[in-house]
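Subject: Structure handover

Hello,

Here is the structure I promised to pass on. Please open it beside this note; my findings follow below.

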Amino acid sequence: WERMVQQVPENITFPKEEEKILELWKNLNCFRECLKQSKNRPRFNFYDGPPFATGLPHYGHILAGTIKDIVTRFAHQSGFHVDRRFGWDCHGLPVEYEIDKTLGIKGPEDVAKMGIKEYNNQCRGIVMRYSKEWEFNVTRLGRWIDFENDYKTLYPEFMESVWWVFKQLYDKGLVYRGVKVMPFSTACNTPLSNFESHQNYKDVQDPSVIVNFPLDEDASVFLVAWTTTPWTLPSNLALCVNPELQYVKLRGKYNATGRIYILMESRLIALYKSDSEYEILDRFAGIALKGKKYKPLFEYFIQLKDKGAFTVVVDSYVKEEEGTGVVHQAPYFGADDYRVCMDFNIIQKDSVPVCPVDASGCFTAEVTDFAGQYVKDADKNVIKLLKEKGRLVHSSTFKHSYPFCWRSDTPLIYKAVPSWFVRVEHMVEKLLENNAQCYWVPDFVREKRFGNWLKDARDWAISRNRYWGTPIPLWVSDDFEEVVCIGSVAELEELSGVKVTDLHRESIDHLTVPSRCGKGLLHRVPEVFDCWFESGSMPYAQVHYPFENKKELEDAFPADFIAEGIDQTRGWFYTLLVLSTALFGRPPFKNVIVNGLVLASDGQKMSKRKKNYPDPMDIVNSYGADALRLYLINSPVVRAENLRFKEEGVKDVLKDVFLPWYNAYRFLVQNVQILQHKDEGREFLYNENTVKESNNIMDKWILSFTQSLIQFFKAEMAAYRLYTVVPRLVKFVDILTNWYVRMNRRRLKGENGSEDCVMALETLFRVLFSMCRLMAPYTPFITELMYQNLKTLIDPASIQEKNTESIHYLMLPHVREDLIDKKIESAVSCLQSVIELGRVIRDRKTIPVKYPLKEVVVIHQDPEALENIRSLEKYILE
């Protein structure tokens, strides 16, 4: 407090000043001090979604991190204690995929050769590869988050809690083993869950073939079916039509063979350009085709014909928007195909015949891996064989949206995979009910994007045929009839008789459990958990619940606040809700902010390969973290829309917001120093409690405007509407600098005498000090920079807080409703409108710049503007 106010330099380099502030925070240990100061206050509970540290933070991470930082800083400023633990997603495909690429691993046999222990050691070695860079970047961006007390999904304590979560589900009868057609990543050699498969769609050109299937009852009549996956045709077991829609039997007029085709009437366009090309022989509903037998394309499963295969089945999933209205059924490779063939007893559960195609066009009964190129080759060879057999009606290509693996960026295939599932479909109503209790910003995400996803929720495939993950704790007999689910380390030690210190596969796969039913020894199933199961378990696992911190979890659940990108509606938001609903029947969070995606300036997805965006740290080093933060937050992304990132936008924040604000601060300090120099012995010391209220109309206006802003800020921040707050804060900087300071320069310089000068300086000080406290969560650096100098002008007796070393220790300013005067605000707003109007008229009429604006309005006889000016003059005179 004894330090004198420092002169403010005319020029400022924001990034360099921010680095000095970082040093100050480090020396003062500011974040820890904040936590210490607030430890006895009410808790504000925040969950941080864990990112992978297999790459560097991108703009999506920075955006979500900034939103989290703003809200948690605001909560601290509002009188709460906010623990902010950083989390790391350490298991799963991102890590394994990197190792597979590095070591040239093509499949399970390569892992078997090197051993799971060595493979997992390789994964462990790279999992935190970029953690130091993450910590540096996150800290440099001004985010206060606890890296020392972090949680990692590879910690044995975390993994043990995941086991506990799973056992609760198992004991409730919510876990089962089944064969299900699932999206399968050929590059990563593992099935993906439905929500993972929806994360990366691309428009692709695929083969489009129409194939004929002669009826057994009349070989001159053919059903014609359409597919974009010719390689699955050797596994065809049925054809499906819509029972209610209209089908036709027709003869092509220019068809030399005289063949008769059957297809859906509304899909005739798939084969014919005009109705002159065919003659319709009959019309009937699809149900009339049910049970008709046809000649298979290939003989691989001919033995199944007597059991019901190669039959026409019916289902309403067949639509009239594409194809021929006759859908080829390969139950091993299609979810609907599997379901329909099960319904008609063409296949039995857990026994789905498959005939994969190898690249040479030979068909084998072995199940092999389907790589992208392999499928393309198989497609070509199948089409060639169909042509030779006279079964190909038409061949072309088809552009459509298709799912790609979110990690390897290769096309997914769908195939039947034995998996472990958590039942979700039975609790859809409860999921919707719990979702309705959560407050979403923006609110349309809750009902539309997330709500619609929940309505169609499917049972969740939680197992992965991988290595680096939390092992599924099921020990089973060879025939799977005896299953023991283990929910803790102690339980495993007791049943196996072996001391356990780590829960990864290499440490427990060899452990056996004695059978209680005389089936010898039970062995662990080989699968690991989908890493989404782990992140969905994080509220419990981060505190090692229920093995310790039982009360800590129960007090902190559900979270007061979480925030992530809109893609997490099918990821973390979803898994959090499913698990908390299944475990406790409650929602996992109370409030959530959903941000949109940050795209490259051309609207494309940001791509490292294309280098179509500037490196985030280059932007920070050029313009500062505050400018980047404010640019991101003052954009459509905070309303869950997309933002095209433009470097000029960050530059404009400096030009339009920070420099004017900095200049107002500099002008204040400059004139305080002049006052103290002129009027020797006169000390400028601001005390909010003893300050005299000014009678100056402009002082009254700016103070009223400031209090209205504080009121608005608190209400909107409490409602998590960051997108309404920032435009008001930015506008306020403009009002303060371009209106108040500009119109009161003479008073602030002391040209109207010392008393009036002090009144004006106190007003400006009060406004800037309030502004710094409001903006501190948004722009933590520039507010700290100003505060470190401004605090030397504050009377220590007027500060409530014990420790005032940082702006981030101070609470939000209280609203002084007695200072709010809506009439003055309205009148000045009126004057501003008039002046703006005058400028427009002057520009339009090319009137000299120095011509009085009021006279311009009068000259051009604008009655509304005149009335506004007169009412303002009358008010000011009164």
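Two strands count as paired if DSSP finds at least two bridges between them. Strands β3 and β14 are joined by 11 bridges. β3 covers residues 175-185, β14 covers residues 412-422, and the two run antiparallel. Within this pair, S185 of β3 faces L412 of β14. Keep in mind throughout that this is a predicted model.

**The sheet around β3 and β14**

These two strands belong to an open sheet of 4 strands. Its order is β4-β3-β14-β16, and the pairing is antiparallel. The edges are β4 (190-191) and β16 (460-461). Each of these edge strands pairs on one side only.

**The other sheet**

There is also an open sheet of 4 strands with the order β19-β18-β21-β20. Its pairing is antiparallel too. Which strands stand at the edges here? They are β19 (483-485) and β20 (512-514). Each has a single partner strand, so one side of each has no neighbour in the sheet. Neighbouring strands of this sheet are turned against each other by 30° on average, direction ignored.

For β19, the partner is β18 (residues 474-476). The two strands run antiparallel, with 3 bridges between them.

- Helix α8 (residues 156-171) lies across β18 and β19 and runs at about 130° to β19.
- Helix α14 (residues 489-496) lies across β18, β19 and β20 and runs at about 65° to β20.

**A helix pair**

Now look at helix α13 (residues 444-455) and helix α19 (residues 572-584). Their axes come within 12 Å. At what angle do they cross? The crossing is at roughly 50°. The crossing of α13 and α19 is right-handed.

Which residues make the contact? From α13 come F450, W453 and L454. They meet F573, Y574 and L577 of α19. The contact counts 6 nonpolar residues, no polar ones and no charged ones.

**Where to start**

I would begin at the S185 and L412 pairing.

Best wishes

Note on methods
Residues numbered from 1 in each chain as written. Predicted model: local features only at pLDDT ≥ 70, side-chain atom pairs only at ≥ 80, totals over all residues. Heavy atoms only, no water. Axes fitted to C-alpha atoms, helices over the stretch in contact; angles between N-to-C directions. Contact = heavy atoms within 4.5 Å. Left-handed = near helix turned anticlockwise from the far one by under 90°. Nonpolar A, V, L, I, M, F, W, Y, C, P; charged D, E, K, R; others polar.
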